[in-house]
Amino acid sequence: MGVSVSILASGSRGNCAIVASACTKILVDAGISGRETFKRMKSLGEDPHSLSAILITHEHCDHVYGLATLAKKLRIPVFMTVATQQAWARALRNENGVRPLLEKWERFESGHSFQVGDIAVKPFTIPHDAVDPVGFTFRAEGIKVGIATDLGYLPVSVRDHLRGCDVLVMESNHDVEMLRVGPYPWSVKQRVMSRVGHLSNESLANFFTNDYDNSATFVVLAHLSQENNHPEIARREAEKALAMRGGLFQNRVLLASQNEALAPICL
Ligand SMILES: [Zn+2]
Ligand SMILES: [Zn+2]
């Protein structure tokens with residue numbers, strides 16, 4: 001069956017993806033409601049109860065909104081770093097200060113690989129304004145998948161982790177000019193544009209032009225801003241940059257959406 005990647009939702013209103021091998025199925029982030037996660041999985045012909053584990057990149061609401069419900073319903077291991085788990089639990093305290101419990105919390109540390117079934121997972125630190133944010137690479141059956149969203153820029157360490165990926169899910173958050181003239185208050189604009197904010201189309205294009213190894217069969221543009229970007233602008237920027245490296249024919253560019261699941265990419 002090989003390895004597949006499905007993006008159930010992507011953007012500031014919720015992120016959720018599935019990376020699967022023949023015998024292991026990982027949910028990456030739980031940023032849409034439990035009900036919506038089930039609905040979108042079923043729309044792809046996937047059984048939510050076949051999930052093996054949930055992995056969380058960071059504690060921002062658009063990555064954990066459905067976590068408590070999904071963990072309770074599915075009773076599968078949830079992998080988070082200690083700092084992320086604490087930040088998540090702190091945010092969900094009730095009026096008596098009681099924090100929610102994760103029945104099957106598995107802790108991991110950035111930089112240290114771990115195994116979920118037959119999928120080898122490598123978490124790596126990304127520059128973002130959360131307590132301990134990570135991106136992931138996944139390896140199974142000779143295929144490598146990289147996911148890097150929610151990052152202000154692409155440090156050398158992150159670029160290194162993303163080498164040799166067959167599927168690359170990359171943030172293409174905003175068009176700098178649209179953000180600059182757009183409706184956000186200046187403080188929010190500054191946050192998005194900062195080194196711990198979100199990756200612009202331009203920064204991603206810069207990576208494709210200067211430092212990308214052309215390895216991916218599929219490049220997925222993800223976490224697009226609905227106010228400060230347009231799917232066709234993001235696509236055009238990415239394709240232009242990939243073409244400059246002669247890589248456009250090797251790389252199929254796909255766009256992840258906020259409102260509907262992207263059909264599974266199968267390798
Ligand atoms: Zn996010
Ligand atoms: Zn975030």
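**The sheet and what packs around it**

Mentor: Helix α1 (residues 34–43) lies across β1 (4–9), β2 and β3, and runs at about 135° to β1. Helices (H or I, at least four residues) and strands (E, at least two) are DSSP runs numbered from the N terminus. Angles run from 0 to 180 degrees between N-to-C directions, with axes fitted to C-alpha atoms, for helices over the stretch in contact. The model is predicted: local features need pLDDT of at least 70 and side-chain atom pairs pLDDT 80 or more, while totals for chains, interfaces and linings use all residues. Residues are numbered from 1 along each chain as written, chains are lettered from A and ligands numbered from 1 in written order, and side-chain values use heavy atoms, without hydrogens or water.

Helix α4 (residues 82–91) also packs on the sheet, where it touches β5 (78–80) and β6. The direction of α4 makes about 110° with that of β5.

The sheet itself is open and has seven strands, in the order β6-β5-β4-β3-β2-β1-β14, with mixed pairing. Two strands pair if DSSP finds at least two bridges between them. At the edges stand β6 (105–107) and β14 (262–266); each has a single partner strand, so one side of each has no neighbour in the sheet. On average, neighbouring strands here are turned by 25° against each other, direction ignored.

Take one pair as an example. Strand β2 (residues 16–20) pairs with β3 (residues 25–28) in the antiparallel sense, over four bridges. Ala 17 has Val 28 in β3 as its bridge partner.

Now follow Leu 55. Beyond its neighbours within four places in sequence, Leu 55 contacts (heavy atoms within 4.5 Å) a set of residues including Ile 26, Leu 27, Val 28, Phe 79 and Val 121. In the largest nonpolar core, which has 31 residues, Leu 55, Val 121, Phe 138 and Val 145 touch the most other members. Such a core is a set of buried Ala, Val, Leu, Ile, Met, Phe, Trp, Tyr and Cys residues joined through side-chain atoms within 4.5 Å. Strand β9 (residues 134–140) gives the most to this core, four residues. Another core, of 26 residues, lies apart from it, and its members include Ala 148, Leu 151, Val 158 and Phe 207.

Val 145 leads on to another pair of strands, standing opposite Val 167 in β11. Strands β10 and β11 run parallel and are joined by four bridges. Five of the five residues of β11 (residues 167–171) are buried, so this strand is largely enclosed by the rest of the structure. Buried means under 20% relative accessible area, exposed over 50%, and partly exposed in between (1.4 Å probe, protein chains only). Both faces of β11 are covered, with Val 167, Val 169 and Glu 171 on one side and Leu 168 and Met 170 on the other.

The zinc ion (ligand 2) is coordinated by His 58 (NE2), His 60 (ND1), His 128 (NE2) and Asp 150 (OD), at 2.2 to 2.5 Å. Donors are N, O and S atoms within 2.8 Å of the metal (3.2 Å for Na, K and Ca); water is not among the atoms, so sites may look incomplete. Asp 150 bridges this ion and the zinc ion (ligand 1), 3.5 Å away.
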